[in-house]
Amino acid sequence: MAQNINPSIQSQSGTVKHNDDSKKTTSDSQAVTKRLHKELMSLMMSQDKSVSAFPDGENLFSWIGTILGPKDSVYETLKFKLSLQFSSSYPYTAPIVKFITPCFHPNVDTKGNICLDILKDKWSALYDVRTILLSIQALLGVPNIDSPLNTTAAENWQKQEEYKKYVLDMYKEESN
């Protein structure tokens, strides 16, 4: 049997759905923006000066973070810059975090990619920028040498004096 369907109503409902989707995207983006503003204020108010992060220019979805090397580690006197890229699904998906400053470390590759479980399969919406930076800072002092991205660094970790030479040589490349 034939059904009476008004094609203009059908296309209107498709348009309405499209508009609903764009409203949802706008709403999601506003929620992420609000969350990132809140995290920025929290970082600015923090008394901990060993980690910091700010938006890179006007783009709230792109930040530059800074961490100081952890005390009593080969990184203690060093300062590292990282890039943090947030998606419109943040905080439900982890940001993409990479070292900008060259870092010789078992869990950091030569392109600055970081192997850290909370940035991958152990991510939680409860984490924030400060948590990420503190976790990376802790990773510097206590690497996971069983899951290295940089095998040379993992192999040399036990020889701290030699390891420190690699760290400083790579770090100095940035300042030249």
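**Salt bridges**

I began with D48, which is partly exposed at a relative accessible area of 23%; buried means under 20%, exposed over 50%, and partly exposed in between, with a 1.4 Å probe and protein chains only. D48 forms a salt bridge with R130, and their closest N and O atoms are 3.6 Å apart. I counted a salt bridge where a side-chain nitrogen of Lys or Arg is within 4 Å of a carboxyl oxygen of Asp or Glu. This pair links distant parts of the chain, 82 residues apart: D48 is in the loop between α1 and β1 (51–56), R130 in helix α2 (residues 129–141). R130 is partly exposed too, with 29% relative accessible area.

Before going on, I noted that this is a predicted model, in which local features need pLDDT of at least 70 and side-chain atom pairs count only at pLDDT 80 or more, while totals for chains, interfaces and linings use all residues. Residues are numbered from 1 along each chain as its sequence is written, and side-chain values use heavy atoms, with hydrogens and water left out.

How many salt bridges does the structure hold? I found three. In one of them, E39 pairs with R35, with the closest N and O atoms 2.6 Å apart. These two are four residues apart in helix α1, so about one helical turn separates them. E39 is buried at 6% relative accessibility, whereas R35 is partly exposed at 21%. D169 and K165 form another salt bridge, at 3.0 Å between the closest N and O atoms, and both lie in helix α4, four residues apart. D169 is partly exposed at 37%; K165 is exposed at 53%.

**Fold and confidence**

I then stepped back to the whole chain. It has four helices and four strands, in the order α-β-β-β-β-α-α-α from the N terminus. Helices (H or I, at least four residues) and strands (E, at least two) are DSSP runs numbered from the N terminus. Of the 176 residues, 35% count as buried.

I checked pLDDT, the predictor's confidence in each residue from 0 to 100. The chain's mean is 88, and 82% of its residues reach 70 or more. Over residues 3–18 the pLDDT is below 50, and beyond near neighbours in sequence this stretch has one contact (heavy atoms within 4.5 Å) in the model.

**Aromatic rings**

My search of the whole structure gave eleven aromatic pairs. Rings of Phe, Tyr and Trp (its six-membered ring) pair if their centres lie within 6.5 Å; planes under 30 degrees apart are stacked, over 60 edge-to-face, and the rest tilted.

Which residues do ring pairs link into a cluster? I wrote down Y75, F80, F99, F104, W157, Y163, Y166 and Y171. Y75 is buried at 0% relative accessibility, and F80 is buried at 1%. F80 and Y171 make an edge-to-face pair, 5.4 Å centre to centre with 75° between the planes. Y171 is partly exposed at 22%.

I finished on N156, in helix α3 (residues 151–156), which is buried at 6% relative accessibility. Leaving aside neighbours within four places in sequence, N156 is in contact with E162, Y163 and Y166.
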